[in-house]
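Have a look at the sequence and the model first.

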Amino acid sequence: MPFANLKVPADTLTPESKKKLIDAVTDAYADVYGERARATTLVLVDEVPDGGWGVGGNILTAEMLGRS
């Protein structure tokens with residue numbers, strides 16, 4: 001079963017944009033593994049709250065990501 005776990009900043013996706021993202025990832029797996037993979041592809045979208053990101057030991061905030 002193909003599995004994708006996507007981490008995105010919280011409150012940056014609408015329900016419609018989440019659906020579009022999930023569809024695109026599912027399509028990508030089906031392109032690689034064939035249509036047989038579509039029915040079993042699992043895409044999990046985790047929304048990470050502000051301050052829950054870190055790069056190089058530095059905590060990233062919404063302000064640093066250009067969202068405020």
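E35 sits out in the open: its relative accessible area is 52%, so E35 counts as exposed (buried is under 20%, exposed over 50% and partly exposed in between, using a 1.4 Å probe and protein chains only). E35 forms a salt bridge with R38, with 2.8 Å between the closest N and O atoms. Here a salt bridge takes a side-chain nitrogen of Lys or Arg within 4 Å of a carboxyl oxygen of Asp or Glu.

A word on the source: this is a predicted model, where local features need pLDDT of at least 70 and side-chain atom pairs count only at pLDDT 80 or more, while totals for chains, interfaces and linings use all residues. Residues are numbered from 1 along each chain as its sequence is written, and side-chain values use heavy atoms, with hydrogens and water left out.

R38 has another partner too: its side chain meets that of D27 in a salt bridge, 2.7 Å from N to O. This pair ties together distant parts of the chain, since R38 lies in the loop between α1 and β2 and D27 in helix α1, 11 residues apart. (Helices are DSSP runs of H or I with at least four residues, strands are runs of E with at least two, and both are numbered from the N terminus.) Put together, D27, E35 and R38 are linked in a network of salt bridges.

How many salt bridges does a search of the whole structure find? The count is five. Another one of them joins E47 and K18, with the closest N and O atoms 2.6 Å apart. This pair also links distant parts of the chain: E47 is in strand β2 and K18 in helix α1 (residues 15–33), 29 residues apart.

Here's how accessible some of these partners are:

| Residue | Relative accessibility | Class |
|---|---|---|
| E47 | 31% | partly exposed |
| K18 | 25% | partly exposed |
| R38 | 31% | partly exposed |
| D27 | 34% | partly exposed |

Now for the greasy side of things. The largest nonpolar core has five residues: A4, V8, V25, V43 and V45. Such a core is a set of buried Ala, Val, Leu, Ile, Met, Phe, Trp, Tyr and Cys residues joined through side-chain atoms within 4.5 Å. β1 (3–9) and β2 (42–48) are the elements that give two or more residues to this core. As for V25, leaving aside neighbours within four places in sequence, V25 is in contact (heavy atoms within 4.5 Å) with A4, L6 and V43.
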